[in-house]
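Visitor: I would like a close look at a single part of this protein. Please keep to one strand and what surrounds it.

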Amino acid sequence: MRSIFKAILVFSLVLSFSSTAFAQEADPMTKGILAFRSGQYAQAVTHFEKALKDDASNAEAHFLLARLFWETDLKDAKRAGLELDKALLLDPENVQFMVARLQQLREDSKFFMIEMTRERQRREMSARILKLDPTNSFAHEELGKSYIRDFWRYRNAMMYPTLTFNEYKYRGSSEPDPMATRLLDDLREYEQQNGLEESEQLSEQIGRVEQNLDPSSIFMADEFDVEALKRQGFPVVDMSGRALLAYNLAIEHLNAALDSDPRQRSVYDDLMEIYALKGEYDEALKMLSQMYVFFPEDVKLWTYLGYAHYHAGNMEAASKSFETSFKYMDQNTVYAYTHLEDILPEDEQKLYKMDPAAYSARFWTSKDPRYLTPYNERKMEHYARLTYADLIYGAPKMDLRGWNTERGQILVRYGVPQGDVVIIPRSGSGVRNATQANDGNTTSQTIQVARSGSDHDMLEEANTYNIWDYGEFKFVFEDPFRNGEYRLYAPSSADLAAGGLPWVNDYTIKAKETFRKTPERYIYEAPGRQIELPFVVATFKGKEGNADVYVNYAIPITQAYDPSKEFINITANAGTFVVAENRDMLVERRRTIYGLPTSQVVRFDESNLWVDTQLMTTPPGQHEVSVEFETAGGSTVAVQRRKVDVHNFSGSSLAMSDILLAYRIEETDNGKPIVPTDIFRDNLSIQPAPWTVFSIDQPIYIYFEVYNLTLGDDSQARYEVEATLTPKDKGSGVGRILRGLFGGNKGGVSTGVPIAVSSSFDGQYLILDALNQETGLFTLNVKITDTVAGKSVQMDKELFLE
């Protein structure tokens, strides 16, 4: 073993000596290359400069110097550019040199005019490269990126060719906008709402408006009110064909880049970007299957897969992909995908910081739109928004993740906006370009307008505005240097002096207020056919301080069925869930129903309802009840949620349960409900009315319970019941007292008739006759008066008569 080691050592020393001797005897170019490879960059520069002294026409030496001053710690962009210029001058058709120039032209610029020039140069250089080397992946990728930018500009676009922009007045119509006169009232109303005297500043602004009511000018208090532009009826030219051409060219070049070099990692990001912009999720999944072959442990592969599967409707695959992505994330990325500070209400942020993991679990549980599914759609939407924000708004060269940009943060909070508008001022007159795009629920628009006059601020002319409209609120961003680094817009002092209204147009202030009022927003859209799912919740006194919560829901039956048969041939999953105010899951009930019993169907003129009930026990408090129903395979889905107040019945004062409306109430002595899904309380079998809709010729059954009645000297409790039905639209109008129709020992009770029971608790029902009532929405009031204690309690319930 020692002899072998000695032989290896001697051989290594010989190689080392030989390499050193070779370097000492080699020419300057060889010495420079060896120094470059070993990281001795300064020595490499010296050797290449020596080579150029020996031979001024050595293009390779200039090229290697360009690389040293571009790629290493000796970074000197100007020197690198000069050296590459000399190399290309000596060898203008060297593809390697041309690719290097292409990479230099990709350097970020802080000024839009330089970037526009570089973009044109990159296109020209790429075209030259492809003439010499038709399969060059770098040139194909550059052209692909360029056409992606074109797709951004023109996707589904419209042009408004007659619009001009003059200070704070949009011109282009011969009729004055009525908005101008309404603005005066709005300004004065603003003062009154804020308890202000008519200030000098506001009076001056109002005066400016009045002076500018010119039939040829439209004053716009909100400089970014695109709807006001649309109302002017400007001519429109469709530009979607140009966007489609740009899309096809981008895909063609990017696919050619991958064909040449499937390991060119950045091309997958480019393809994912344009597929995401156009919503081509199936194409994205095909591309990602190729990416998986070469980059199976790349974290973005898995977040892209999650994003594409999510929007393609493959929820289980999306959930697994996002889950896998966490295996490859670094600590900072994990934090970005898991922290909640940005989307929590202010009053919950302290609770979150006390225990982030536990609070996150409760938060996502409470936000899950469908508890029946094995995945959380709201959490996946959050992951998808983060992925999209980073893909579209990230700047890898600046080490800036998309979710850390202002637009990215807002997208994570609220999703893709309904309207996406870009306004681009320019010098001169007329309109160069105005575009509008509509992709699904999102409208994207680009309007390029002109400022009149001769005294222009160059930076102001360069500014670009991006408007995001979410319906209830909007955000405006500006890009003063046209380099894609958008920030929330705030008017300058010059803008304010010229008449800009700060409370209307300062979006740094408006954004903070929107974040405070609405920290996040998500609207769930269930797959398959969605149906209404009416349900009612009634709470009664339970055991050990808890409440018995009955959730009664109804499923519309649209298919024909045979009432004589026992079941309707439908297999479905149903669930009922209660989530506490602190986001804890209190109760969950899940079950699979193999056939809907026809005995539970209630018939109406317009539809039939299959009615079911779930009993749950919960503590008192403000809770959220969720009821879900889906047929096997998910072809029909129903999800309904509602805030409910579960009463606290643990006190000793007179109390009353909720009013439970029913289609049928029957007495039973066998201790069981007549129909298994009936509510069974105090030997009464009750079929609730989840729709709270009754025909005027149909009896209205109501059930209620009274607690903590006072016993008299004879150990009897006495109370009176009064039921009043009042049309909803009459407000405080006098309602009509309804008389109960009842029979039997327990029976219903007549209103106003004293009832005597030998307990402090009693459960009763009324059968109300509304035959002479008009149709419409009514409020039913039930008042209980304890005649022994002289105390009263009452409850209201809304119902509809048809």
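Visitor: Is strand β30 (residues 762-768) mostly covered or mostly open, and how many of its residues are buried?

Guide: In this predicted model, strand β30 is mostly covered, with seven of its seven residues buried. In a regular strand, side chains alternate between the two faces of the sheet. Both faces of β30 are covered. One side carries D762, Q764, L766 and L768, and the other carries G763, Y765 and I767; all are buried.

Next, the pairing. Strand β26 (residues 700-707) runs antiparallel to β30 and is joined to it by seven bridges. L766 in β30 is the bridge partner of I702.

N708 is not a glycine, yet its phi is positive, about 65 degrees. S715 lies in the loop between β26 and β27 as well. S715 also has a positive phi of about 65 degrees without being a glycine. S715 is partly exposed because its relative accessible area is 45%, which falls between the 20% limit for buried and the 50% limit for exposed.

The largest has 99 residues, of which M272, L288 and F475 touch the most other members. Apart from that core lies another, of 44 residues, including V646, A662, I679 and I686. Leaving aside neighbours within four places in sequence, F475 is in contact with a set of residues that includes I410, Y414, W468, L488, Y507 and F515.

Technical notes
Residues numbered from 1 in each chain as written. Predicted model: local features only at pLDDT ≥ 70, side-chain atom pairs only at ≥ 80, totals over all residues. Heavy atoms only, no water. Buried < 20%, exposed > 50% of the residue type's maximum accessible area, 1.4 Å probe, protein only. Helix = DSSP H or I, 4+ residues; strand = E, 2+ residues; numbered from the N terminus. Pairing = 2+ DSSP bridges. Core = buried A, V, L, I, M, F, W, Y, C linked by side-chain atoms within 4.5 Å. Contact = heavy atoms within 4.5 Å.
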